[in-house]
4 protein chains.
Amino acid sequence: MTEQQKTAARVGVLGARGRMGMEVCKAVDSAADLELVAAVDQGDDLDAVAQAGAEVVVDFTTPDAVMDNLRWCVEHGVHAVVGTTGFTGQRLAEVRGWLAGRPGVGVVIAPNFGIGAVLMMQFAARAARYFESVEIVEQHHPRKLDAPSGTATHTARLIAAARADAGLGPAPDATRDEVAGARGADIDGVRVHAVRATGLVAHQEVLFGTTGETLTIRHDSYDRVSFMPGVLLAVREVGRRPGLTVGLDALLD
Amino acid sequence: MTEQQKTAARVGVLGARGRMGMEVCKAVDSAADLELVAAVDQGDDLDAVAQAGAEVVVDFTTPDAVMDNLRWCVEHGVHAVVGTTGFTGQRLAEVRGWLAGRPGVGVVIAPNFGIGAVLMMQFAARAARYFESVEIVEQHHPRKLDAPSGTATHTARLIAAARADAGLGPAPDATRDEVAGARGADIDGVRVHAVRATGLVAHQEVLFGTTGETLTIRHDSYDRVSFMPGVLLAVREVGRRPGLTVGLDALLD
Amino acid sequence: MTEQQKTAARVGVLGARGRMGMEVCKAVDSAADLELVAAVDQGDDLDAVAQAGAEVVVDFTTPDAVMDNLRWCVEHGVHAVVGTTGFTGQRLAEVRGWLAGRPGVGVVIAPNFGIGAVLMMQFAARAARYFESVEIVEQHHPRKLDAPSGTATHTARLIAAARADAGLGPAPDATRDEVAGARGADIDGVRVHAVRATGLVAHQEVLFGTTGETLTIRHDSYDRVSFMPGVLLAVREVGRRPGLTVGLDALLD
Amino acid sequence: MTEQQKTAARVGVLGARGRMGMEVCKAVDSAADLELVAAVDQGDDLDAVAQAGAEVVVDFTTPDAVMDNLRWCVEHGVHAVVGTTGFTGQRLAEVRGWLAGRPGVGVVIAPNFGIGAVLMMQFAARAARYFESVEIVEQHHPRKLDAPSGTATHTARLIAAARADAGLGPAPDATRDEVAGARGADIDGVRVHAVRATGLVAHQEVLFGTTGETLTIRHDSYDRVSFMPGVLLAVREVGRRPGLTVGLDALLD
C-alpha cells in the first residue's frame with residue numbers, strides 16, 4: 001500500500017501449506033511492494049529460503065517447529081514475523097539472547113495480527129479516563145465456548161487499569177431490581193455482555209458515556225483473512241525495528 | 001400529516017397543566033389538521049370543553065380523575081384518547097358498558113404512546129419464527145432501577161411465545177465457560193442484556209440471526225415528546241373506531 | 001426446525017453441482033425434517049428424481065433449463081421451489097397454465113431467498129406511514145458496480161409508495177449549503193446513501209425518525225448461505241400452497 | 001471525578017446568565033472538587049470575581065467582551081477557560097503577548113468542548129493509515145443548514161492528510177452505475193454521507209475497512225450539556241498548563 005519502497009521486499013513463508021500460511025502466501029503475492037520468493041513447509045529444507053534471498057520470513061508453523069526456525073533466521077540475518085503460538089516468557093528470553101548477538105535483525109512475535117482489534121483496545125484504553133461510564137458488548141457465533149471472549153476480557157482489564165489510574169470510581173448504576181445476569185459479567189468493575197447468535201462472526205462494541213454524549217468503538221471481524229493486513233504491516237516494519245518486538249501494538253504507535 | 005381532512009378536528013386537553021398535558025397542547029397546536037379548543041385542568045369545569053365544541057378529548061390526568069372524565073366524554077358524545085394510567089380489567093369493563101349505550105363514540109386507552117417502541121415489538125414478534133437465534137440488548141441511563149427494562153421483558157415474552165408457536169426449540173449456545181452474568185438474563189428462554197451508561201436515554205436492539213445473516217430492529221427514544229406522534233395518531237383515528245380500543249398496537253395495523 | 005412433521009419430506013435438487021445447488025444439498029442434508037433423495041445436474045435424467053420418490057424439487061439451474069424442469073415437475077405432481085432467474089411475465093403465465101391442470105401442485109418462484117432482506121423490506125413498508133423522516137444507508141464491498149444497490153432502490157420505492165398512500169409530504173430538510181452528493185441519491189423522494197469499503201459484505205439500514213425517537217431496521221448478510229433458510233422455508237411450505245407463489249414475501253405473512 | 005485535589009478549586013463564570021454560562025454554573029456546582037464563587041454577566045463588575053478569590057474563570061460571553069475579560073484575568077493572575085468564539089490568529093497572538101509577561105498563568109481557548117467528538121477525530125486520524133477504505137456517515141436533525149456538518153468535514157480532512165502521509169492512494173471503488181449523490185460528497189477524497197431526520201440530534205460514524213474486518217468509531221451527542229465534561233476537564237487542567245493552549249485536543253493526550 002505504501003509507495004515509498006523502490007524495490008519489492010523478498011519474503012519467505014514457513015508453514016506455507018497450513019491454513020494461515022496459505023493466506024499469507026496469497027496476501028504477499030498480491031502486495032505490489034512484496035515478492036514471495038519461498039514457500040516451505042514441514043519436511044522442506046530451510047536453506048531454500050536462504051538461496052531464494054528472502055529478507056523477511058513469516059512463520060505460521062507449530063510450537064514444536066518455531067524455535068528452530070527462529071534461530072535459523074537470526075543466524076542467517078533474516079528478519080522474522082511470527083504468528084505461531086506458544087511463546088512463554090522463557091522462549092521470549094531465549095529469542096532475545098539470540099538477537100543480542102545479531103544487532104541488525106528484527107523479530108516480531110504477535111498473538112493477534114488483527115489491526116482493527118488492536119486499535120479498538122488502544123482507543124478504548126485511551127478514552128477510558130474521560131468517561132464516567134463504560135460497558136462492553138461482544139457478539140459471536142454460538143459455537144464459541146467462552147463468554148465473554150478473551151478480547152473482551154482483555155479490553156475490560158485495560159479499561160479498568162486506565163480508570164484506576166485516573167482516579168475514577170465505579171460507574172454510576174442505580175439498579176435495584178435485576179433479573180440475574182441482566183447487567184452482564186463484572187470484569188474488574190467493567191460490565192461485559194456476551195451475545196451469541198447464528199450468523200454472527202466476531203464483533204465487539206465498547207460504549208463510553210458521559211453527560212449528554214456517548215462514544216462507541218466497534219470492531220467487526222468477518223474472516224481469518226482479517227489478519228493479513230497486520231501480517232503485511234509487520235513484514236514491512238520488521239526491518240526497521242531491530243531486536244524483539246512483542247505484540248502488534250508496538251507497531252501501531 | 002395526512003391531508004385528507006378538510007377542516008381541523010377540534011381537540012380539548014384534560015390535565016393541560018401537567019408535564020404530558022403541556023406537551024399535548026403544544027403538539028395539537030402545531031398540527032395543521034388539529035385545533036386546540038380547550039385546555040383544562042383540576043378545578044376547571046368540563047363544560048368548557050363542551051362549549052368549545054371539542055370533538056376529541058385527550059386525557060393525561062390521574063387515576064382518581066380519569067373515570068369521571070371518561071364518563072362525561074361518553075355521555076357528551078366526545079371521543080377520548082387516554083394516556084392516564086391505572087386501568088384495571090374492571091375499569092375497562094366499566095368503560096365498555098358506558099360505550100354500549102353510545103355506539104358512535106370511540107375511546108382509545110394506551111399505556112404507551114411511543115409508536116417506535118410499539119412497532120419494534122410488533123416486528124420482533126413477527127420476525128421471531130424465522131430466526132434460529134435472538135437476543136435483546138437494551139441501553140438506558142444509569143438512574144434506572146430495574147434491569148432489564150419493562151419494554152425489553154415484554155419484547156422477550158412476545159418473542160418467546162412466537163418461537164413456541166412455530167415449534168422452535170432453544171437457540172444454539174455452546175457456552176461452557178461463562179463468567180457469571182456474561183450471557184445476560186434469561187426471560188422465557190430469550191437472553192436479555194441491560195447496558196447502563198451516563199449519556200444514554202432509552203434504547204433497545206433486538207438481534208435476530210440465522211445462517212449467514214442477521215436482522216436488527218433498534219429503537220432510540222430521546223425525549224418524552226416521543227409520545228406525541230402516537231397521541232396525535234390516536235386523536236386522528238379515534239373517531240373512525242367506535243367502542244373501546246386498548247393499546248396503540250390496534251391502531252398500527 | 002419445526003417439529004410438526006412426522007416423516008421427513010423427500011427433496012430432489014436440480015443444478016446440484018452449481019454454486020447454489022451445492023449449498024442447497026448441504027442445507028437439506030442438515031435439516032432433520034428433510035431428506036435429500038436426488039441430486040442431479042445438466043446431463044442427468046430427471047426420471048431419477050421421480051424414481052427416488054422426491055416430493056419437492058429445488059431448482060437452481062439456468063434460464064435455458066428451468067422451464068423444461070418445471071413442466072416436468074408439474075406433470076409428475078412434484079412441488080417445485082425455484083431460485084433460477086429470468087422469469088418474465090410471459091413465463092409466469094405459462095407456469096400458471098400448467099398448474100391450472102394440476103390443482104394439487106405448488107410452485108414457489110423467488111428472485112431473493114434472503115429472509116432477513118425480505119422482512120426488512122416488509123417492516124420498512126409498514127413503518128413508513130408513521131414517521132415524518134426516513135433515509136436508507138446501504139453498505140457493500142467496493143467491487144459492487146451499482147450504487148445504490150437494487151435492494152436499497154426497491155426498499156426506497158416501497159417506502160415512497162407507503163408514504164404517498166398515507167398522504168405524507170416530503171420529509172423535512174433545511175439543507176441550504178450542500179457539498180454535492182452529501183445528501184445522497186433521491187429515489188422517489190427517499191434519500192439513499194451508498195457506502196463502499198473493503199471488508200464489508202452486504203448491509204442495509206433503514207432509519208425512520210419522528211419527534212424524539214428513531215426506529216432503525218438493519219440487515220447484515222455475510223454469505224451466500226444466508227439464502228438457505230429461505231429456501232428451506234419454501235421447501236417446507238410449498239406443499240401447503242397449491243398453484244403459483246411468486247416471491248418469498250408471500251410465505252412470510 | 002478525580003480525587004487527588006485536596007481543596008476545591010475556586011471558579012468564577014463570566015456570561016453566567018447566557019445559555020452556556022448557566023450550564024457551566026450548574027456543572028461547576030455539581031462537581032465535588034470545584035466551587036462556584038462568582039457568577040457574573042454583562043454589567044457586573046469583574047472585581048467581584050477577584051474579591052471572591054476565583055482561581056479559574058470560565059468565559060462564555062461574546063466576541064466583543066472576551067478580549068477585555070481575558071486581559072483582566074491575565075493581569076490578575078487568574079487562569080481562564082474560554083468557549084467564546086471569534087478568535088482570529090491576531091487575537092491569539094495578542095493573548096500570547098499578555099501571557100508572556102505572566103509566566104504562571106494558563107489560558108485554554110477551545111472552539112469545541114465535546115470530549116467525545118474530539119476523541120473521535122483523534123482516533124480517526126490515528127486509524128486512517130492502517131485501512132484501505134474509510135467513509136463517514138453523519139446524522140443530524142433536519143433543521144441543520146449545512147451538509148455535511150463542520151465536524152464531518154474536519155474529520156475527513158484529518159483522515160485525508162493521514163492517508164497521504166502514509167502513502168495510501170484512493171480507496172477502492174468499482175462503482176460504474178451511480179444514481180447521482182448515492183456515493184456521497186467527496187471531501188479531499190474521503191466520501192461523506194449526511195443523513196437528516198426528525199428525532200436525531202447530532203451523530204457521526206467513521207467506518208474503516210480492510211480485508212475481512214471493519215473498525216467503526218461513533219459519536220452520539222444528545223444535548224448541549226455534552227460540552228460540560230470538557231469544560232470541567234479544562235478547568236481542572238488549566239492551572240498545570242501555563243501559557244496559551246488552543247483546542248481541547250491538547251488536553252487529551
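The model is predicted; local features require pLDDT of at least 70, side-chain atom pairs count only at pLDDT 80 or more, and totals for chains, interfaces and linings use all residues. Residues are numbered from 1 along each chain as its sequence is written, chains are lettered from A in the order in which they are written, and side-chain values use heavy atoms, with hydrogens and water left out.

Chain A has seven helices and 13 strands. These elements are DSSP runs numbered from the N terminus, with helices being H or I of at least four residues and strands E of at least two. The C-alpha trace of chain A spans about 70 × 40 × 40 Å along its principal axes. Of the 253 residues in chain A, 58% are buried. Buried means under 20% relative accessible area, exposed means over 50%, and partly exposed lies in between, for a 1.4 Å probe and protein chains only.

The interface of chains A and B was examined next. In chain B, 43 residues are in contact with 43 residues of chain A. The two chains bury about 3,100 Å² between them, and 60% of this area is on carbon and sulfur atoms. Buried area is the accessible area (1.4 Å probe) that two parts lose on being put together, summed over both. On the chain B side, B:Leu145, B:Ala147 and B:Thr198 lose the most area to chain A, together 17% of what that side buries. Zero salt bridges are counted between chain B and chain A. A salt bridge is a side-chain nitrogen of Lys or Arg within 4 Å of a carboxyl oxygen of Asp or Glu. Polar contacts do occur across this interface, in 22 residue pairs with both residues at pLDDT 80 or more. A polar contact is a pair of N or O atoms within 3.5 Å; within protein, one must be able to donate a hydrogen and the other to accept it, and residues adjacent in sequence count only if both atoms are side-chain atoms.

Several strands of chain B each supply at least two residues to the side that touches chain A, among them β6 (133–140), β11 (202–210) and β12 (213–221). Strand β10(B) gives the most to that side, with five residues. By class, the side of chain B that touches chain A has 18 nonpolar, 13 polar and 12 charged residues. Here Ala, Val, Leu, Ile, Met, Phe, Trp, Tyr, Cys and Pro count as nonpolar, Asp, Glu, Lys and Arg as charged, and the others, Gly among them, as polar. Strand pairing also links the two chains: strand β7 (residues 146–147) of chain A runs parallel to β8(B), joined by two bridges. Strands pair if DSSP finds at least two bridges between them. The bridge partner of A:Asp146 is B:Asp177 in β8(B).

Over all chains, the count comes to 56 salt bridges. In chain C, the side chains of C:Glu135 and C:Arg183 meet in a salt bridge at 2.9 Å, N to O. C:Glu135 lies in strand β6 and C:Arg183 in the loop between β8 and β9, 48 residues apart. Both C:Glu135 and C:Arg183 are buried. In chain A, a network of salt bridges links A:Glu135, A:Asp173 and A:Arg183. In chain B, the side chains of B:Asp220 and B:Arg218 form a salt bridge at 3.0 Å, N to O. B:Asp220 is buried, at 6% relative accessible area.

In chain D, a salt bridge of 3.7 Å, N to O, joins the side chains of D:Glu35 and D:Arg10. D:Glu35 is in strand β2 and D:Arg10 in strand β1, so the pair ties together parts 25 residues apart in sequence. D:Glu35 is partly exposed at 36% relative accessibility, and D:Arg10 is partly exposed at 30%.

Two buried sites in chain A were also examined. A:His140 lies in strand β6 and is buried, with a relative accessible area of 10%. Its side chain makes a polar contact of 2.8 Å with that of A:Glu138. A:Thr216 is in strand β12 and counts as buried at 7% relative accessibility. Beyond neighbours within four places in sequence, A:Thr216 is in contact with residues including A:Val206, D:Thr216 and D:Ile217.

Helix α7 (residues 228–237) of chain D is largely enclosed by the rest of the structure, because 10 of its 10 residues are buried.

Notes:
Contact means heavy atoms within 4.5 Å.
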